[in-house]
Amino acid sequence: MSTIERAEVFVTSPGRNFVTLKITTSDGVTGLGDATLNGRELSVVAYLNEHIIPMLIGRDPQNIEDTWQYLYRGAYWRRGPVTMAAIAAVDVALWDIKGKITGQPVYQLLGGASRTGALAYGHASGSDIPSLFTSIQNHLDQGFKAIRIQTAVPGLGQVYGVASDQAPGQRYDYEPAKRSAVPVEEEWDTTAYLNHLPSVFAAVREKFGYELPLLHDGHHRMTPNQAAILGKSLEPYKLFWLEDCTPGENQEALRRVRSQTTTPLAIGEVFNTVFDYQTLITEQLIDYVRSAVTHTGGISALKKIMDFAAIYQIKSGFHGPTDISPVGMAAALHLDIAIHNFGIQEYMKHSADTLEVFETSYTFENGLLHPGTNPGLGVEYNEELAASFEYTPAYLPVNRLKLDGTIHDW
Ligand code: GCO
Ligand code: MG
């Protein structure tokens, strides 16, 4: 029997920080998992090195479900982003290994292809309407068939999710959030935002028409009532979804929003188990599951969440920003292709340096992503190059109210 012989954790920073788990079997087969938790990277490194890796050595790499249950139930301390990112990395690495052992891309092991590609959405943003239009046009020129819209708010400074204005053809990334020993602080005013956003969508619809799927991320900043007001005011502009309108901890909050608006709702990038979705799914309070494979215990766990969601006609819209490594992105794509209730996949292209460290085989063509047909996940990690990009702490920003500096949800 082949066993897990070695597991190593690598940290690299080709433009932003990534944590990668590499598992090697006694037969010399290797598998990769993404363990990146933005702004809290080293906590997952410690969890893996100190508590998980010693337990993995000698186990059968083929028994993915048993290893998952062993790590989840065995720890006693269940759930939480650090634990679930660490378990996810092991799970994804074992799926990669199983794919290589069987000579199949992972999506074949998940039931095969349900579609020819995964509809992707890109991030357009702008400091004003003309620069937003330029950014939307850039995305259309790159082939995107669905676009997320974020804009500055008059009277406020830098708003998270709004990149500096984009030159044609140029790739952009609004993260890492200005590397520094402490997080940068941004200012916020929900009233100004609620007053401004509908006019942005009106302008975009007038210019680009009603066919283009448009998305928006509220980044957990609203109360249920404010979210209901926003959802209603955006109804004329037919959004594909309104994401994270209220803070994620309180599932019941979405009852109020849901009962007041037909704007489709998505939530879950900060969730880490099926229990974060229990009320949302059984009461059909959302339309899309926003989890990342990387933060939800891996392919095995997210597949189960999606099967549960399928019973309630809820679809996937997996998290895919650039702080999910190409390994995590590939894992999401295999799931996207396999599950029946796929909805859309977030996609921000990684930097050239990142894509040199992680050699990927996924493709983006005609608005659709495909994981490729290489055995396993289809991602190679260049350890030597990775080592040349040293880890630098980088934090997500903190949000304070413009009026009086109170710390605000975001
Ligand atoms: C999104 C997100 C990201 C997250 C980031 C956190 O919808 O893509 O909101 O920008 O904030 O990934 O690490
Ligand atoms: Mg988001």
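Tutor: In helix α5, Ile129, Leu132, Phe133, Ile136, Gln137 and Leu140 meet Val200, Ala203, Val204, Lys207 and Phe208 of α6, where contact means heavy atoms within 4.5 Å. By class, the residues of this contact are 9 nonpolar, 1 polar and 1 charged, with Ala, Val, Leu, Ile, Met, Phe, Trp, Tyr, Cys and Pro counted as nonpolar, Asp, Glu, Lys and Arg as charged, and the others, Gly among them, as polar. This is a predicted model in which local features need pLDDT of at least 70 and side-chain atom pairs count only at pLDDT 80 or more, while totals for chains, interfaces and linings use all residues. Residues are numbered from 1 along each chain as its sequence is written, chains are lettered from A and ligands numbered from 1 in the order in which they are written, and side-chain values use heavy atoms, with hydrogens and water left out.

Student: At what angle do the axes of α5 and α6 cross?
Tutor: They cross at roughly 50 degrees and come within 11 Å, the axes being lines fitted to C-alpha atoms, for helices over the stretch in contact, with angles from 0 to 180 degrees between N-to-C directions. That makes α5 oblique to α6, since angles under 35 degrees count as roughly parallel, over 145 as roughly antiparallel, 65 to 115 as roughly perpendicular and the rest as oblique.

Student: And α7 with α8, which residues meet there?
Tutor: Pro224, Asn225, Ala227, Ala228 and Lys232 in α7 meet Ala253, Arg256, Val257 and Gln260 in α8, a contact made up of 5 nonpolar, 2 polar and 2 charged residues. The axes of α7 (residues 224-234) and α8 (residues 253-260) come within 8 Å and cross at roughly 25 degrees. That makes α7 roughly parallel to α8.

Student: Switching topic, how many cavities of 30 Å³ or more are there?
Tutor: The search of the whole structure finds 3, a cavity being a set of points on a 1 Å grid over the protein atoms alone where a 1.4 Å probe fits but cannot get out, and lining residues having an atom within 4 Å of a point. The largest cavity is lined by 14 residues, and Thr151, Val153, Val159, Tyr193 and His216 lie nearest its centre.

Student: Which helix gives the largest share of that lining?
Tutor: α6 does, with 3 residues of the lining of the largest cavity. The lining of the largest cavity divides into 8 nonpolar, 4 polar and 2 charged residues.

Notes:
Helices (H or I, at least four residues) and strands (E, at least two) are DSSP runs, numbered from the N terminus. On a 1 Å grid over the protein atoms alone, a cavity is a set of points where a 1.4 Å probe fits but cannot get out, and a pocket is an open set with protein on both sides within 12 Å along at least five of seven lines; lining residues have an atom within 4 Å of a point. Grid points are joined across faces, edges and corners, and a volume is the space filled by probe spheres set on the points.
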